Amino acid sequence: MQFPYKSYETFLEGIKIYYPAGEEVHARRIVQTTMRAGELLSTLLKQPMPPLEVLLVATDDWSLAPREEAEENTDLLPYWTNVRTPGTLVVPVEVASVFGEPTQEKLAFMLYQALTLAFLEDDQRPWPDDYPLWADEWQLKVAALWLAQRLDAVQGLVNKDLREEYADIFEPEADGKTPVTIRGFDWFEDTAVEDYLTYELLLEQFAADLLAKYESDVLPHFLDLYRNGRTVLLSDDATLMLASVLGAGGEEWLESLVYF
């Protein structure tokens, strides 16, 4: 079955959005949030905001939302897809409960990550063909947290409740590292959503620590090195690449992070 666009309402105020009846206030908030974030990302990444639409999806229609077959976006989370033209920010009316107490700051944070991916995919510079998961994912998290701190007055983390609930994942073991690390995590088709949440929290902590110590232009400087046509990028290569952008003492700082 195809998504029931005809049964959805729509308006165009800079960005076109489709939304279920009764959700106009929610829809307008999402458009305003997306446009404000897009302006800041354009400045940070030095590229225009890509053409896009927004689809606010009722829970009963979530399984019909546009996505590529390879995408595993079955959980109730905002995501970006370019299966349609223009690409679409797909947003559930209700976010999955596993992600803690729903707040406007959390929804905005999730939107910022999806929007950042839209920007990065619109960047015409080549991606590595083979690269570690974390080398891509930290980019989204840092940009999203930077936006949350700039636009929503977030101090430190957005997901403070989850950070407290999952405090044990940040406790180092005998080797000095946490049970799961950013560089050691990998995603598979059968990875449980709770396991991926653990990884997301580690990444958010990394983003918070990075932004507390360094400026946000670390990201575009890293992209200048990362999007340079390399075929294979190993985890150690990505670490050294990021360390070089951080400058003197950067590699030592990265290695000192128990979750890295």
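Author: Let us start with a term: a salt bridge is a side-chain nitrogen of Lys or Arg within 4 Å of a carboxyl oxygen of Asp or Glu. Please keep in mind that this is a predicted model.

Reader: Understood. How many salt bridges are there by this rule?
Author: The count comes to nine. Among the residues involved, Glu13, Glu24 and Arg28 are linked in a network.

Reader: How does Arg28 meet Glu13?
Author: Their side chains form a salt bridge with an N to O distance of 2.4 Å. Arg28 lies in helix α1 and Glu13 in strand β1, so the pair ties together parts that are 15 residues apart in sequence.

Reader: And what about Glu24 and Arg28?
Author: Glu24 also forms a salt bridge with Arg28, and the closest N and O atoms are 2.8 Å apart. Both residues belong to helix α1, where they are four residues apart, which means that about one helical turn separates them.

Reader: Which residue does Arg125 form a salt bridge with?
Author: The partner of Arg125 is Asp123, with 2.8 Å between the closest N and O atoms. Arg125 is partly exposed, at 29% relative accessible area, whereas Asp123 is buried, at 11%.

Reader: Changing topic, how many helices and strands does the protein have?
Author: The protein has eight helices and five strands. Along the sequence they follow the pattern β-β-α-β-β-β-α-α-α-α-α-α-α.

Reader: How do β1 and β2 run, parallel or antiparallel?
Author: Strand β1, residues 9–13, runs antiparallel to β2, and five bridges join them.

Reader: What lies between the two strands?
Author: The two strands form a hairpin with one residue between them. Gly14 in the turn has a positive phi of about 85 degrees.

Reader: Why is β2 described as largely enclosed?
Author: Four of the five residues of β2, which covers residues 15–19, are buried, so the rest of the structure largely encloses this strand.

Reader: In which sense do β2 and β3 pair?
Author: Strand β3, residues 52–57, pairs with β2 in the parallel sense over three bridges. Tyr18 stands opposite Leu55 in β3. Between β2 and β3 the chain passes through helix α1, residues 24–45, and this β-α-β crossover is left-handed.

Reader: What is Leu242 in contact with?
Author: Setting aside neighbours within four places in sequence, Leu242 is in contact with Trp134, Trp138, Phe206, Val218, Phe222 and Leu254.

Reader: Which residues of helix α6 are buried?
Author: In α6, residues 218–226, the buried residues are Val218, Leu219, Pro220, Phe222, Leu223 and Tyr226. The buried residues of this helix pack against α1, α2, α3, α5 and α7.

Reader: One more residue: what does Ser42 touch?
Author: Ser42 is found in helix α1. Not counting residues up to four places away in sequence, Ser42 touches Gln47, Pro48, Met49 and Phe119. Ser42 and Phe119 are 77 residues apart in sequence, while their C-alpha atoms are 8.3 Å apart in space.

Reader: Finally, what is the radius of gyration of the whole protein?
Author: The protein has a radius of gyration of 18 Å, which agrees with the value near 18 Å for a compact globule with 260 residues. The C-alpha atoms fill a box of roughly 55 × 40 × 35 Å along the principal axes. Buried residues make up 51% of the 260 residues.

Notes
Residues are numbered from 1 along each chain as its sequence is written. This is a predicted model: local features need pLDDT of at least 70, side-chain atom pairs count only at pLDDT 80 or more; totals for chains, interfaces and linings use all residues. Side-chain values use heavy atoms; hydrogens and water are left out. Buried means under 20% relative accessible area, exposed over 50%, partly exposed in between (1.4 Å probe, protein chains only). Two strands pair if DSSP finds at least two bridges between them. A crossover is right-handed if, with the strands pointing away from the viewer, the path from the first strand over the helix to the second runs clockwise. Contact means heavy atoms within 4.5 Å. The radius of gyration is taken over C-alpha atoms; the globule rule is 2.2 Å times the number of residues to the power 0.38.
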